[in-house]
Each structure stands twice: as C-alpha cells, then as structure tokens.
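Me: I've just opened this one and could use a quick tour. Can we go through it bit by bit?

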Amino acid sequence: MGVSFMDLFEYANDESMRKVELGPGAVMLHGFALSDEEALLTDLNAVVEQAPFRHMVTPGGHRMSVAMTNCGSLGWLTDRTGYRYDPIDPENGQPWPAMPASLLKLAQSAASEAGFPAFTPDGCLINRYEPGAKLSLHQDKDEKDLNQPIVSVSLGLPAIFLFGGAKRADKQLQLHLNHGDVVVWGGPARLFYHGIKPLATGEHPRLGRYRLNLTFRKAS
DNA sequence: GAGTCGCC
DNA sequence: AACT
C-alpha cells in the first residue's frame, strides 16, 4: 500500500509541496528556478539571438507546433530524415551556442536535489510554446547515455504535463507546471512517455504569451 | 512487423 | 498516415 494515484495527483499539484516523489526515479520540484530568474532570462535571450526558434518538421512531414532551439555541444533535431543529435545548427551551419553557466548550474542543482548528483548535461533543448501549441506523448530515447536523467524546467505560461509510464497506454499523471517548476526523471522512469497538452491562452508578467521549457540531457 | 516528439 |  503506497499513495494512491489520486493522492499522488493531489500532492504533485500542490505548490506548497516543494518536492514530490512521483515514483522511482521521478521527482517534481515546485518553484525551483525562481532564484536564478534574472540571469536565466538574460542568458536565454542571448542564446536565442544566436540560434533563433524554429518550427521543425517530423519524419512524417508534419510541422511541430512547438518552436525549438538548442544550446550546449549537442542539439536535438528533427527533419524528414529522422530524429538525432547534432553539434551543428542546420539553420546557420554553426555550432549551437554554448550552454550558459546559469543554465548548467540550474540543471545540476535540480538534478542533485532530485537524487542525481552526477548529472553532466551536454545539451539543452529549448522549447517555446504559445497558446494552442502541444507536444504529443513521446519518449526521450535518442540519447546514448540513458543512465543520466532528463531535467525539465518550466518558465512562463502554465501547462499541463502528461507523465505516463513505460508503455504508451499506461495511465498518465496530469501535472500542472508553473513558472519555475522542475521535473526530473531518470533511472526506472528514464524512458517514460510524456507530453504537453495544448497550451491555454494567457499572459505571463515576464514571458508574455509564451511558455519556455528547458530540457537538459546527456546525449552522448 | 513495430513504432511514430504528427494529424483528424 | 507515410515513412523508418
């Protein structure tokens, strides 16, 4: 007898709970990013200036509603030929912007808090959602090193994060992600299916009409 | 044959 | 679904 699914749903969405164990290897950290907000947004702006957001295309030929860019030595890409990590931004032929120290520090401190003290991310995928944008249920499985977790930081407009299990059909927790929330999953949860429901319209004091999601990973 | 970071 |  552990906590029931409904109990977990309540705990996981209670912002007064600073840290919620979602299951083995998966942790929700409420309001974790807020202390570094100024440096974070300044550094993010610099990254995006060098590597602008773009709507990538899936192997099936569909344009993604989420706009993406990357920083760090490896960036995640999708195009007609498939999903992969690449050190070069195909839009300009240049390496992705280096990962700013503020981002790396945030990712490592969140990972440590979640029980992964040796996290050494080499890539950060930056996802920009506007109202209506979504990411359907998927696994992060293009990384060579599945021993290290995924660290996901939410900024700006709120979203509903679907966090399922090892099989697509597994029941999903619906987690309300607000500005500054972090979700970390690794170990037994590393390949769990997850997604984002279509973003509701809104206005955030710092990020306006957008939600930004930073997902740190060790790709190589 | 299995799977799909998409679509309706 | 159209492709891997």
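Reply: Let's start with arginine 206, which forms a salt bridge with glutamate 37, the closest N and O atoms being 3.5 Å apart. Arginine 206 sits in the loop between E14 and strand E15 (211-217), while glutamate 37 is in helix H2 (residues 37-50), so this pair links distant parts of the chain, 169 residues apart. Keep in mind that this is a predicted model.

Me: Is glutamate 37 buried or exposed?

Reply: Glutamate 37 is buried: its relative accessible area is 16%, and the cut-off for buried is under 20%. Arginine 206 is partly exposed, at 40%.

Me: How many salt bridges turn up in the whole structure?

Reply: The search finds 9. In general, side chains of opposite charge can pair when their charged atoms come close.

Me: Which residue does arginine 54 pair with?

Reply: Aspartate 89, in a salt bridge of 2.9 Å from N to O. Arginine 54 lies in the loop between H2 and strand E3 (67-72) and aspartate 89 in strand E6 (residues 88-89), so the pair ties together parts that are 35 residues apart in sequence. Both of these residues are buried.

Me: And what about aspartate 122, which side chain does that one meet?

Reply: The side chain of lysine 218, in a salt bridge of 3.7 Å, N to O. Aspartate 122 is in the loop between helix H3 (101-113) and strand E8 (123-129), and lysine 218 is in the segment after E15, so parts 96 residues apart in sequence are tied together. Aspartate 122 and lysine 218 are both buried.

Me: Which residues are joined into one network?

Reply: Asp140, Glu143, Arg190 and Arg217, through salt bridges that share partners.

Me: OK, new topic. Where does UniProt put the Fe2OG dioxygenase domain?

Reply: The UniProt entry, which is unreviewed, places that domain at residues 120-220. Over residues 120-220 the chain is 42% strand and 0% helix, and the end C-alpha atoms are 10 Å apart.

Me: Let's zoom in on histidine 194. Where is it?

Reply: Histidine 194 is in strand E14 (residues 194-196). Histidine 194 counts as buried because its relative accessibility is 5%.

Me: What does histidine 194 touch, leaving aside its neighbours within four places in sequence?

Reply: Its contacts include Ser136, His138, Asp140, Phe161 and Trp185. With aspartate 140 there's a side-chain polar contact of 3.0 Å. As for phenylalanine 161, it is 33 residues away along the chain, and its C-alpha atom is 7.2 Å from that of histidine 194.

Me: Now the DNA. How many residues surround DNA strand B?

Reply: There are 14, and the closest are His62, Tyr83, Ser136, His138 and Tyr193. On the DNA side, sugar and phosphate account for 75% of the atoms that come within 4 Å of the protein.

Me: Which strand gives the most to the surface near DNA strand B?

Reply: Strand E9 (residues 135-138), with 3 residues. By class, that surface has 5 nonpolar, 5 polar and 4 charged residues.

Me: What about tyrosine 193, how far is its polar side-chain atom from a phosphate oxygen?

Reply: It lies 2.7 Å from a phosphate oxygen of DNA strand B.

Definitions and conventions:
Residues numbered from 1 in each chain as written. Chains lettered and ligands numbered in written order. Predicted model: local features only at pLDDT ≥ 70, side-chain atom pairs only at ≥ 80, totals over all residues. Heavy atoms only, no water. UniProt positions renumbered as here; feature names shortened; annotations may be inferred. Helix = DSSP H or I, 4+ residues; strand = E, 2+ residues; numbered from the N terminus. Buried < 20%, exposed > 50% of the residue type's maximum accessible area, 1.4 Å probe, protein only. Contact = heavy atoms within 4.5 Å. Polar contact = N/O pair within 3.5 Å; in protein donor to acceptor, adjacent residues only side chain to side chain. Salt bridge = Lys/Arg side-chain N within 4 Å of Asp/Glu carboxyl O. Near = heavy atom within 4 Å. Nonpolar A, V, L, I, M, F, W, Y, C, P; charged D, E, K, R; others polar.
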